[in-house]
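Work through the exercises below with the sequence and the model in view. Each task is followed by its solution.

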Amino acid sequence: MVKHDRLNESLHRNESELSCPLRSATSPIAKSQYKGEFDWDSKQQGYILGVGFFGYLIFQVLGGKVADTVGAKLPLVASNILMGIFTFISPFAAWWNIYAILAVQLFRGLTQGFVTPALYRMMSNWFPKHERGLLSTLTVCGYAFGAMIGGVVTGWICDIPGLGWPPAFYFWGKLFDVTSQ
């Protein structure tokens with residue numbers, strides 16, 4: 001999405017950090033042919049990424065209260081539908097302006113905040129007591145596995161010649177809506 005040739009990312013690098021050293025010039029690096037279209041600096045990119053996590057964080061408690069009050073199924077289905085809609089409209093918001101994508105990311109994060117408490121509530125109601133440890137572990141490990149697969153698939157979609165980055169948002173947005181019905 002972002003034009004990296006405009007940015008000098010070395011200005012924002014922590015030179016005292018040794019855990020992620022620079023790659024040598026001889027190491028093979030797979031690069032996309034897509035150059036990006038937004039002139040967002042690393043601070044703006046951080047805000048766009050961070051506002052979604054902020055929304056997710058602040059609605060965890062409210063999501064738990066809602067799941068306890070009305071049950072887990074309705075908040076889980078509603079949040080998946082809303083996350084799908086917000087994911088789907090993300091490219092349009094990014095094309096409009098940076099404040100629109102910030103708002104969409106915040107609302108996506110807020111709706112995502114209902115998922116984890118509702119899921120845990122659902123697990124406590126449906127999993128037999130003697131199987132909760134194993135099944136809860138598998139469910140939580142599914143988060144990390146899904147993030148790994150999602151990253152690989154998103155990268156692959158973004159690298160399809162002639163498409164660019166918007167179809168990745170359309171794919172995941174539609175997938176959220178289809179799975180929640």
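**Exercise 1: a charged pair**

At 31% relative accessibility, Arg121 counts as partly exposed, a class that lies between buried (under 20% relative accessible area) and exposed (over 50%), with a 1.4 Å probe and protein chains only. The model is predicted, so local features need pLDDT of at least 70 and side-chain atom pairs pLDDT 80 or more, while totals for chains, interfaces and linings use all residues. Residues are numbered from 1 along each chain as its sequence is written, and side-chain values use heavy atoms, leaving out hydrogens and water.

Task: find which residue forms a salt bridge with Arg121.

Solution.
1. A salt bridge needs a side-chain nitrogen of Lys or Arg within 4 Å of a carboxyl oxygen of Asp or Glu.
2. Asp68 is the partner of Arg121, with the closest N and O atoms 3.4 Å apart.
3. Arg121 belongs to helix α5 (residues 115-126) and Asp68 to helix α2, so the pair ties together parts 53 residues apart in sequence.
4. Asp68 is partly exposed, at a relative accessible area of 48%.
5. The structure holds one salt bridge.

**Exercise 2: Val61**

Task: decide whether Val61 is buried or exposed, and state where Val61 is found.

Solution.
1. Val61 sits in helix α2, which covers residues 60-70; helices are DSSP runs of H or I with at least four residues, numbered from the N terminus.
2. Its relative accessibility is 62%, so Val61 counts as exposed.
3. The C-alpha atoms of Val61 and Pro117 are 7.9 Å apart, although 56 residues separate the two along the chain.

Key:
Helix = DSSP H or I, 4+ residues; strand = E, 2+ residues; numbered from the N terminus.
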